[in-house]
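Student: I have a model open and want to learn how to read it. Can we go feature by feature?

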Amino acid sequence: MSTTNSASAAWLTQEAFDRLKAELDHLSGAGRAEIVQKIEAARQEGDLKENGGYHAAKEEQGKIEARIRQLTALLRDAHVGEAPADDGIVEPGMLVVARIAGDEETFLLGSREIAGDSDLDVFSEKSPLGAAILGHKEGETLSYVAPNGKDITVEILSAKPYVA
């Protein structure tokens with residue numbers, strides 16, 4: 001487990017950290033071995049210029065290597081901690097319900113990786129919205145300037161710890 005106060009560090013629950021570490025271990029070991037076998041089998045088929053299986057396997061290898069780099073950096077810099085307290089204060093790891101410019105939205109504040117495979121919207125605490133609401137409480141109304149220059153009003157309706 002690595003913890004850091006770096007501005008680029010993502011906040012992860014221990015559960016999310018463990019899940020991502022297991023994915024990294026699989027991709028770095030068995031995942032790499034499988035793709036090497038696919039590439040070698042496709043190479044045996046002959047002319048590499050017109051070998052669709054070879055090119056598909058090489059593309060898959062590139063995606064696996066990119067995901068390994070992404071996970072390695074994320075886990076190296078991650079701040080791992082317990083779920084936040086259920087105190088209504090917006091912080092990473094909270095499921096937030098807010099009225100944003102008149103529309104009610106529910107989203108997770110934190111890293112996309114915390115939400116796993118869910119369809120939940122996720123905003124980083126470093127995003128304009130995330131930075132604006134961070135540290136505020138349920139019931140508070142505030143505004144922030146969006147990247148397009150518009151002033152957006154946000155009312156925080158609830159903030160509860162996210163449970164996967």
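Student: What covers the buried residues of H2?

Tutor: First, the ground rules. This is a predicted model, where local features need pLDDT of at least 70, side-chain atom pairs count only at pLDDT 80 or more, and totals for chains, interfaces and linings use all residues. Residues are numbered from 1 along each chain as its sequence is written, and side-chain values use heavy atoms, with hydrogens and water left out. Helices (H or I, at least four residues) and strands (E, at least two) are DSSP runs, numbered from the N terminus. Now your case: the cover over the buried residues of H2 includes strand S1 (11-13) and helix H1 (14-43).

Student: Which residues in H2 are buried?

Tutor: Buried means under 20% relative accessible area, exposed over 50%, partly exposed in between (1.4 Å probe, protein chains only). An α-helix has 3.6 residues a turn, so residues three or four places apart point the same way. In H2, the buried residues are Tyr 54, Ala 57, Ile 64, Arg 67, Ile 68, Leu 71, Leu 74 and Leu 75.

Student: What span does H2 reach from its first C-alpha to its last?

Tutor: The expected span is 1.5 Å times one less than the number of residues. H2 (residues 52-77) has 26 residues and reaches 38 Å, close to the 38 Å expected.

Student: How many aromatic pairs does the structure hold?

Tutor: Rings of Phe, Tyr and Trp (its six-membered ring) pair if their centres lie within 6.5 Å; planes under 30 degrees apart count as stacked, over 60 as edge-to-face and the rest as tilted. Here there is 1 aromatic pair. The ring centres of Phe 107 and Phe 123 are 4.9 Å apart and the planes stand at 85 degrees, so the pair is edge-to-face. Phe 107 lies in strand S4 (residues 103-109) and Phe 123 in strand S5 (residues 121-123), 16 residues apart.

Student: Is Phe 107 buried or exposed?

Tutor: Phe 107 is buried, at 1% relative accessible area. Phe 123 counts as partly exposed, at 26%.

Student: What is the strand order in the open sheet?

Tutor: Two strands pair if DSSP finds at least two bridges between them. The open sheet has 5 strands in the order S5-S4-S3-S7-S6, with mixed pairing. S5 and strand S6 (141-145) stand at the edges with a single partner strand each, so one side of each lacks a neighbour in the sheet. S4 and S5 run parallel, joined by 3 bridges.

Student: Where is Ser 158 found?

Tutor: Ser 158 is in strand S7 (residues 151-161). It counts as buried, at 18% relative accessibility.

Terms used. Contact = heavy atoms within 4.5 Å.
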